[in-house]
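Subject: Handing over a structure, with notes on what was found

Dear colleague,

Please have the sequence open as you go through them.

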Amino acid sequence: MSVRPVEQVPVAARASAHPVFEDVRVVRLVQEPLVEASDAELAAVGLVPAENATGSAPPVVGRAPARAVGFPAWPILTDPDNAPHALALVGDLRRIERRAGSKPGAAAQLALDAAETLDGTAPHFLPTFYEEVARIFLTHDQPAQAGRFFSRARDVERTHALAIDEARHRQALLEFALAGALPVKALTAESKDLPSRMAPADALEEFLTLLIERTRAGLAPYAGAIADLGRLIRGAKLSAPERAQTEARLFDALLDAPALQRAAAGFWKSARDPLGAYLAARPDAADALFSEIPAEAEPADWLDLVERSGAADRLRDGSADPVVWIEGFLAHVAAWGTKHRSAPDSARGTEKLVALIETLPDLDGARLTVPAAIDRIPVRVLDAILDRGASTLHVAEPRRLSDSDRALDMEGWLADDARLPLDRLAADPEMRVRAALALLPEPGHRRSGPPRANPALVRALAQSPSGRAVIAQALEPDWSSDAHLRSRWMPDARQTRSPSRERGEGLLSADRAGRRRPTLAQAHARLPRLSALLAPDLLGLLEDACPEAIAALRRDYDPARLTASALRQGLRTELTWPAFEAAYAELARAHASDDGPPSGVGGPVEAFPAVGLWTTEGRVVFVDGARRVAEHVFDAPRGDEYRDFSFALSDGRILFSVKRSVRGKTQTVLRWSHQDREGVLDGGDWRAWNSDESMSIVVPGGRLTDVGLLRAGEMMLPEKQRAGAVVHDDGAFATGAGLALDPETGEIGAKRWPDAIAELLAPHDAEGYVVHAVRWQPVTETTADSLFDTHDGRHATVVLARSRSEGRLRGVTDERIIHADGSVDDLPDAERIGAGRLVRPGGGHWDVLDWHEQFADDEGFVVPTSLTRWGTPHAVHRTSLAGIHQLRVRDAAVSARMRTLTETDVAPLADAARAWVSGIDADLLPGPQDLFQAPAERTLPDELIAQAAAVLGTDDPALTEAAAWVAAEAAAVAERSGLAVDSREEEGP
């Protein structure tokens, strides 16, 4: 007996007329079986079929699944005497329809109120009324509300023991099932009600059709489908072969339906026996099903299905590839466990999986790929895979997955009563690293206290050689030979990428003997997690278990070693702009106390080649090279309604703008340094003429920005907000986006790069790179000797980016930087966009990151912030990207010495720093969240600065104070680690 198909019926365009409007026709699309009901419904409002007058049949315009007769048509057809009660609610249905989309709750309450009236007059009309309300909610994409009202219709039928028209009921069920608005409890209730209304065999057939058709319509089988069908099978008293035949009809249809992959977990649990028997007789169908594991299938239930279907036997005899199956199943286990916030679903599932793996053929040295969420895979399972002959296990790791997600489930291993030794896993380099990560928990919220490794886990590992190897791995600075793992040792070291970083070099700096060890930045960033393992009550145990690793850490956290490494890396105050620093000091002096830090200085203000600084009192100074090119004191407005000062420079004149709020509206007040009048504009961006990214050009008549031409004296703001960079080459001007700029008017035209830039970009465009930023300006008299990406008379840097569209690193950005000299740096997997290359005093270079926010050395590590004695950033940090071209070497001899400093050279400085830091409350020591930032309330002692001067061979406070703070940071890191010892062996950089 075949499954009854969903009935498709013709749809006709039926015309109606009204006696009052003889020439007007109302056309309604009606399913042919519902023509009589539609005519009766329209007749209630005076409309009669137009075909009655012409004798022509309505044209058929299509076909559609049969729809049940609705409301008020059904009451009119079946009980015309009480039809007025139904017609009285038509207006209520229209009101419900108007509210259903925007206010579904209010619409539902209207429906319930109307239903209460109908319940007192004609309760047998309620089912079709509720169904009509459900249809209204469906048209407004409210399937949940629709399902609730459909269930109410069925509840009314049971409460009032109403007679049911089976044909109409079947159509209604299918209609709402195919619309996805049939609640699961309604399906289960239907399976229980059917036997009371028809013969058991017919009830079974009705329900089987319903299950199949809803799945064919794209709805996943629900959890209780097999149980509900089984109840009807038992009621029909089918024999075992007949039962198998009925279940096979269901599975035949389900296996062809894509929706089967979305079936609920309960479905797979209840389907294990019947579906397993079905698949055992159909190997091809089993292979098709097992090629993709449904997301909701509980792993233990799926393993049962694999066994009962015979698929496991095909894995054992080699007719199916065990490596492919293991990789796919582990991916499912990890995904399922991640979604359900659990490790592998249960001990039962683990036992079954291990038992199956143990019976598979030898894996013959295969290198298996295991999922990124490896903490969801039991350690026993991974051990079993290696025991079957896999050579190594490789983790398919997506980008930016946190370390905790990448660690093995060592807590599960610890809790396992049948805990296995880690010999095989510890021998696998990558698995040893994953196990070690479990000892280094992520830092939690500050209120939750410092992270801490599980002491029981550490003690358990310390009892065996393989466990001690895992501990040593966690303590080892150069703790992985795998480059992609090393590059993820600590997030703060990934702030840039260089070609050497991509090869796996540069994460740990090397000494003369070639041994890699952490920089100060790494040691600081790594400390929170490492401290979790180096708790005082565990340190003695660790020294006994891994003496060499602890000894290496003690050397690496020696303050002298960290200080020397950081000073070799460099300080920004090795560069200077004397006139700018003098202006900064002068402006800051008005706010600072005699012995306090500088304060109250705003800026920088870009006005290439000049840079401006200002104070809240309205004083502003622009510096270019060795001189001040503009200076003015504005009468700065006072009051809560004024905020956000901004300045710009054009033709030696200074524009002052400030935001003002008047009765809830924003205005911009403008003043020029050479005029007494004031301009007031509604709205506007008071920062429009310059920004952190801006680079403007002086042209005849004013200053050209990429948002327009700023002419001295004009009270105006550009339409476009926030200026960017202007590109200038050989008389041609463009915005940073490549749009042509008219230097005489400031008008923006079509896209057109200057010829030299267009020619440069062409080959990179063919490789899929797009322009991220272009800096391209001729040198000026004061910037000709710039240390930043300058060559052949121009300052030039082109930053390109390309987003990968496929593969493991889909969505990852590759960066390419083209420097002024034509050299190219490719930075795969770049996490921060660079801005160019700066010559480092004493040799090497720094990369400028994120528009001059930070410098990074040629190994890719961020250079420490240069602090003053009060712990505030030095003035050289206040130059904009335009001002970077004004920086020059402060003291070449000192920089040359800094590049070669050793631990022995800096030992006196490190000792002085340790003595000072040891007297500071531990709570005031710098934390990982403020790398290279000092507590504001601490001031460097003169003795520490004097030691820095002796080490560097200079009394320049810009260098000595910055170096002293580096030594203090190194001492603070060592103090917090509890590992520091005196290590004074003579070593080179």
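A count of salt bridges, each being a side-chain nitrogen of Lys or Arg within 4 Å of a carboxyl oxygen of Asp or Glu, comes to 48. Before going further, please keep in mind that the model is predicted, so that local features need pLDDT of at least 70 and side-chain atom pairs count only at pLDDT 80 or more, whereas totals for chains, interfaces and linings use all residues. Residues are numbered from 1 along each chain as its sequence is written, and side-chain values use heavy atoms, with hydrogens and water left out.

As for the overall picture, the protein chain has 38 helices and 33 strands, where helices (H or I, at least four residues) and strands (E, at least two) are DSSP runs numbered from the N terminus. Of its 989 residues, 54% count as buried, a word that here stands for under 20% relative accessible area, with exposed meaning over 50% and partly exposed lying in between (1.4 Å probe, protein chains only). The chain exposes about 41,500 Å², of which carbon and sulfur atoms supply 50%; accessible areas come from the Shrake-Rupley method with a 1.4 Å probe, and for residues only the protein chains shown count as cover. If one takes the contacts (heavy atoms within 4.5 Å) between residues at least 6 apart in sequence, 66% of them join residues at least 24 apart.

Glu132 counts as buried at 15% relative accessibility, and Arg135 is buried at 7%. In helix H8 (residues 143-159), Glu157 and Arg154 are likewise three residues apart, and their side chains meet in a salt bridge with an N to O distance of 2.9 Å. Glu157 is buried with a relative accessible area of 10%, and Arg154 is buried with 4%.

A further salt bridge joins Arg890 and Glu581, again with the closest N and O atoms 2.9 Å apart. Because Arg890 lies in the loop between strand E33 (888-889) and helix H35 (892-898), while Glu581 lies in helix H33 (residues 578-589), this pair ties together parts that are 309 residues apart in sequence. Arg890 is buried at 18% relative accessibility, as is Glu581 at 15%. Salt bridges that share partners also join Glu131, Glu132, Arg135, Arg154, Glu157 and Arg168 into one network.

Next come the nonpolar cores, a core being a set of buried Ala, Val, Leu, Ile, Met, Phe, Trp, Tyr and Cys residues joined through side-chain atoms within 4.5 Å. The largest core has 178 residues, of which Phe129, Trp268, Trp302, Ile385 and Leu475 touch the most other members. Its largest share, 12 residues, comes from helix H38 (residues 957-977). Leaving aside neighbours within four places in sequence, Leu475 is in contact with residues including Arg526, Leu530, Cys546 and Leu553. A second, separate core of 25 residues includes Phe788, Ala835, Val863 and Ala875.

In helix H5 (residues 90-100), the buried residues are Asp92, Leu93, Ile96 and Ala100. They cover an arc of only 100° around the axis, which puts them on the same side of H5; the arc is that of the directions from the helix axis to the C-beta atoms. These buried residues of H5 pack against helix H6 (104-121) and H7. In helix H15 (residues 283-290), the buried residues are Ala286, Leu289 and Phe290. Seen down the axis, they fall within an arc of 90°, so they line one face of H15. The face turned away from that buried side carries the exposed residues Asp284 and Ala288. The buried residues of H15 pack against helix H13 (240-255), helix H14 (265-280), helix H16 (299-309) and helix H17 (311-316).

With kind regards
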